[in-house]
Amino acid sequence: MTYEEFYYSIDCKFPYHQESEWKRIIEQSIEIGENAPFLVLHEICRVPASEKLDQVKHMEMYKYWKQSFASPVQDIVEPASLSYINKTEITDSEALDIMERLSPFPKSYNALQVVLFSCPDDDELVDEKYENIVAMWKSAT
């Protein structure tokens, strides 16, 4: 399965209440590689308003995702991920710092999006930083 096929197979269709299925998807994302595990992180963190997910189950899902593979990006993006799961926000300055730390990891688009949507971005500086990093990554390829 390609990354694009994987994306369309889970986008807005993540099986939050089917543990064996979300575990399978996490494992599949790791096999696909690239940015796919962070696409899954994005789905885990941004539970749609139409879904109700118990906090304990939500953390269980996140912890399973995190222990399933190793990447330095996991630790960098964790404060933003946990802010989503805990229904809080990080500050814009924290988001900017995390984005700066993510910038050396090209094509970490989904991790970058988790950060973008984890803060209020009152002055739109976080969105601007996001766009600048994406442009830098695209120009390097």
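Which helix does Gln 55 lie in? Gln 55 lies in helix H4, residues 55-67. Hold on to that residue; I will come back to it.

First, some ground rules. This is a predicted model, where local features need pLDDT of at least 70, side-chain atom pairs count only at pLDDT 80 or more, and totals for chains, interfaces and linings use all residues. Residues are numbered from 1 along each chain as its sequence is written, and side-chain values use heavy atoms, with hydrogens and water left out.

How confident is the predictor? pLDDT is its confidence in each residue, from 0 to 100. The chain averages 95, and 99% of the residues score at least 70. Among the elements, helix H1 (residues 3-10) has the lowest mean pLDDT, 94. Helix H6 (residues 92-102) has the highest, 98.

Now the overall fold. How many helices does the chain have? Eight, with zero strands. Read along the sequence, the pattern is α-α-α-α-α-α-α-α. The radius of gyration is 15 Å, close to the 14 Å that the globule rule gives for 141 residues, so the chain is as compact as a globular protein of that length. That radius is taken over C-alpha atoms, and the rule is 2.2 Å times the number of residues to the power 0.38. Helices here are DSSP runs of H or I with at least four residues, strands are runs of E with at least two, and both are numbered from the N terminus.

Box dimensions next. Along the principal axes, the C-alpha atoms fill a box of roughly 40 × 35 × 25 Å.

What about contacts? A contact means heavy atoms within 4.5 Å. Take contacts between residues at least 6 apart in sequence: 68% of them join residues at least 24 apart.

Of the 141 residues, 45% count as buried. Buried means under 20% relative accessible area, exposed means over 50%, and partly exposed is in between (1.4 Å probe, protein chains only).

Charges, quickly. The chain has 13 positive and 26 negative side chains. The centres of the two sets lie 6 Å apart. Lys and Arg count as positive, Asp and Glu as negative; His and the chain ends are not counted. Each charge is placed at NZ of Lys, CZ of Arg, CG of Asp or CD of Glu.

Back to Gln 55. Is Gln 55 buried, exposed or partly exposed? Partly exposed, because its relative accessibility is 33%. Leaving out residues up to four places away in sequence, Gln 55 touches Ile 85 and Asn 86. Gln 55 and Ile 76 are 21 residues apart along the chain, and their C-alpha atoms are separated by 22 Å.

Next, Ser 83, found in helix H5, residues 72-85. Ser 83 has 4% relative accessibility, so it counts as buried. Which residues does Ser 83 touch, not counting residues up to four places away in sequence? Thr 88, Glu 89, Ile 90 and Ser 118.

Now the loops. Lys 87 is in the loop between H5 and H6. With 65% relative accessibility, Lys 87 counts as exposed. Phi of Lys 87 is near 55 degrees, a positive value in a residue other than glycine.

Glu 124 sits in the loop between helix H7 (109-116) and helix H8 (125-139). Its phi is near 60 degrees, again positive in a residue other than glycine. Glu 124 is exposed, at 56% relative accessible area.

Asp 123 is in the loop between H7 and H8. Asp 123 is exposed too, at 60%.

Last stop: Lys 23, in helix H2, residues 19-32. Lys 23 is partly exposed, at 26% relative accessibility. Lys 23 and Val 115 are 92 residues apart in sequence and 23 Å apart in space, C-alpha to C-alpha.

Terms used. pLDDT = per-residue confidence, 0-100.
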